[in-house]
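Please take a moment to look over the chain as a whole before turning to its parts.

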Amino acid sequence: MNKVDVAILGAGPAGLFAAKCLVGSGLKTVVIDRGSDPGTRTSISFGVGGAGAFSDGKLNLTPKIGGNPADLGRNETEIQCYIDQVDAVFTRFGAPEKYSGADKEGLVDIKRRASRYGIEFISGRQRHMGTTRVRRMVDLFYRYLLDSQISFSLDNQVKRIEVKNKVFILHGGGNENIEAHYLIATPGRAGAYWLREEANRLGIVTEYGPIDVGVRVEFPAEIYTTIEEVMYDAKLRVRTATYDDMVRTFCTNPRGFVVTETYEEFVLVNGHAENEGETQNTNFALLSHIDLTDPVEDTTEYGRAIAKLATTIGGGKPIIQRLKDLKNGRRSTLERLQRATIGPTLVDVTPGDISMALPARIVANILEGLDQLDNIIPGLAADNTLLYAPEIKFYDTRYPVNRSMETRIPGFFVAGDASGHCRGIVYSAVTGLIAGEAIRKRERV
Ligand SMILES: Cc1cc2nc3c(=O)[nH]c(=O)nc-3n(C[C@H](O)[C@H](O)[C@H](O)COP(=O)(O)OP(=O)(O)OC[C@H]3O[C@@H](n4cnc5c(N)ncnc54)[C@H](O)[C@@H]3O)c2cc1C
């Protein structure tokens with residue numbers, strides 16, 4: 001049995017920043033991850049750096065994006081302080097000095113144009129790292145933590161969490177078990193479902209939060225340039241006419257790529273932009289916000305059911321469809337796609353019919369959202385725009401936590417995407433810092 005003071009489950013941004021906070025505390029700390037070190041990992045979701053290691057690192061440096069301070073029992077100023085600490089680490093390990101979202105006149109202009117069409121524009125400072133820099137940064141951060149006496153137990157998937165006499169015992173796959181006085185669980189979206197089962201078994205009653213379901217939209221880069229110059233990843237929100245639902249843009253990748261995220265039972269789409277290698281296309285997620293009420297509150301199962309259905313219809317691959325075909329109620333075929341004026345950046349896909357894969361309400365929201373956004377991004381709702389499905393953001397299991405991200409089991413903390421209280425690299429890192437800081441305070445170190 002390997003005995004430590006603190007076990008951090010997950011080496012994504014939340015886990016790494018929790019570890020960073022414990023550097024110099026004298027507390028014996030281990031970070032466990034089912035994936036490998038930055039030099040050898042190949043998985044998009046697992047390994048040191050987490051899901052963030054393969055992203056292009058758009059760092060949202062405002063408390064308004066990625067979470068809600070009130071949800072964490074904090075105010076915006078407090079969260080901004082944590083964000084500044086996170087930003088300082090990223091810049092120390094190689095994030096560029098330059099950031100977008102500083103051109104006040106440009107921001108006001110977009111806001112003015114957006115509000116004319118009932119579109120909400122959320123602005124804030126953003127740093128864009130790019131994939132190559134993110135990987136280098138994760139590697140430097142990992143080495144720094146190793147040099148600072150933080151241990152790593154890699155290629156070690158935790159299968160079961162046990163609590164005995166106020167001690168956490170983590171049962172891994174093959175490696176010896178780890179025993180810890182504190183547990184910070186940060187398994188990300190990919191491990192959220194597993195953690196929920198474990199937490200429920202241990203008596204932590206989790207709540208259902210909303211999920212976002214939709215598509216990845218790909219269009220010619222030129223039509224987005226005026227917005228991109230002001231804010232790299234602009235956040236735009238609309239209320240749809242038919243259902244009065246909220247639809248939002250998320251994770252914009254100017255001249256980037258659409259990518260596949262592979263899970264055990266389904267595939268999803270996502271996007272990123274490389275530092276080296278640009279495409280002619282820009283993509284963003286267009287997502288419809290879903291909050292279920294009694295008697296079907298389990299948003300995770302609902303989202304998983306949609307993901308599995310879409311994956312079945314796509315024959316194990318994401319579905320691609322031209323907007324024109326979706327509007328005309330027919331599937332896309334390879335031949336129809338070849339008639340489009342833009343080529344897809346993700347080619348291992350199945351041309352098909354998104355209306356067979358996503359609920360009708362979501363499809364209606366996507367179509368209406370695109371039409372509304374076309375007012376400020378002219379050309380977005382054109383026939384040749386490409387749609388990929390399914391894109392689903394699971395942040396839906398919410399843990400009741402105190403201000404320190406501690407659950408109802410003393411010493412059991414959750415942070416990052418899996419906590420249900422945040423999304424994205426920066427907020428995940430912030431919640432990791434909050435958990436690490438709370439342990440230091442309790443131990444007075
Ligand atoms: C392609 C892509 C692009 C993205 N782009 C951006 C972006 O530009 N900006 C942004 O803010 N966000 C982006 N995101 C989202 C961002 O990466 C996540 O929000 C963030 O990484 C969440 O951090 P986390 O620490 O909570 O979890 P993760 O980063 O998901 O890390 C969780 C870690 O836990 C490990 N784990 C899970 N279960 C177990 C287990 N049972 N045992 C051991 N280890 C386990 C996993 O291997 C993983 O390494 C992107 C995501 C993807 C997939």
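In which helix is Ile-83 found? Ile-83 is found in helix H2, which covers residues 76-92, where helices (H or I, at least four residues) and strands (E, at least two) are DSSP runs numbered from the N terminus. The model is a predicted one, in which local features need pLDDT of at least 70 and side-chain atom pairs count only at pLDDT 80 or more, while totals for chains, interfaces and linings use all residues. Residues are numbered from 1 along each chain as its sequence is written.

Ile-83 counts as buried because it has 25 C-beta neighbours inside 10 Å, the term requiring 20 or more other C-beta atoms within 10 Å of the residue's own, with 12 or fewer making a residue exposed, anything in between partly exposed, and C-beta atoms placed from the backbone. Leaving aside residues up to four places away in sequence, Ile-83 touches Leu-61, Pro-63, Val-426 and Val-430, contact meaning that the C-beta atoms, placed from the backbone, lie within 7 Å.

Helix H11 (residues 425-443) also meets helix H1 (residues 13-22), and their axes come within 7 Å and cross at roughly 35 degrees; axes here are lines fitted to C-alpha atoms, for helices over the stretch in contact, and angles run from 0 to 180 degrees between N-to-C directions. Among the residues that meet are Phe-17 and Leu-22 in H1 and Leu-433 and Ile-439 in H11. By class, this contact of H1 with H11 has 11 nonpolar, five polar and two charged residues, with Ala, Val, Leu, Ile, Met, Phe, Trp, Tyr, Cys and Pro taken as nonpolar, Asp, Glu, Lys and Arg as charged, and the others, Gly among them, as polar.

Of the 45 residues around the ligand, Gly-12, Gly-50, Gly-188, Gly-191 and Gly-416 come nearest, a residue being near if its C-beta atom, placed from the backbone, lies within 6 Å. This shell draws at least three residues from each of domain 1 and domain 2.

Technical notes:
Contact = placed C-beta atoms within 7 Å. Domains from an automatic or database assignment.
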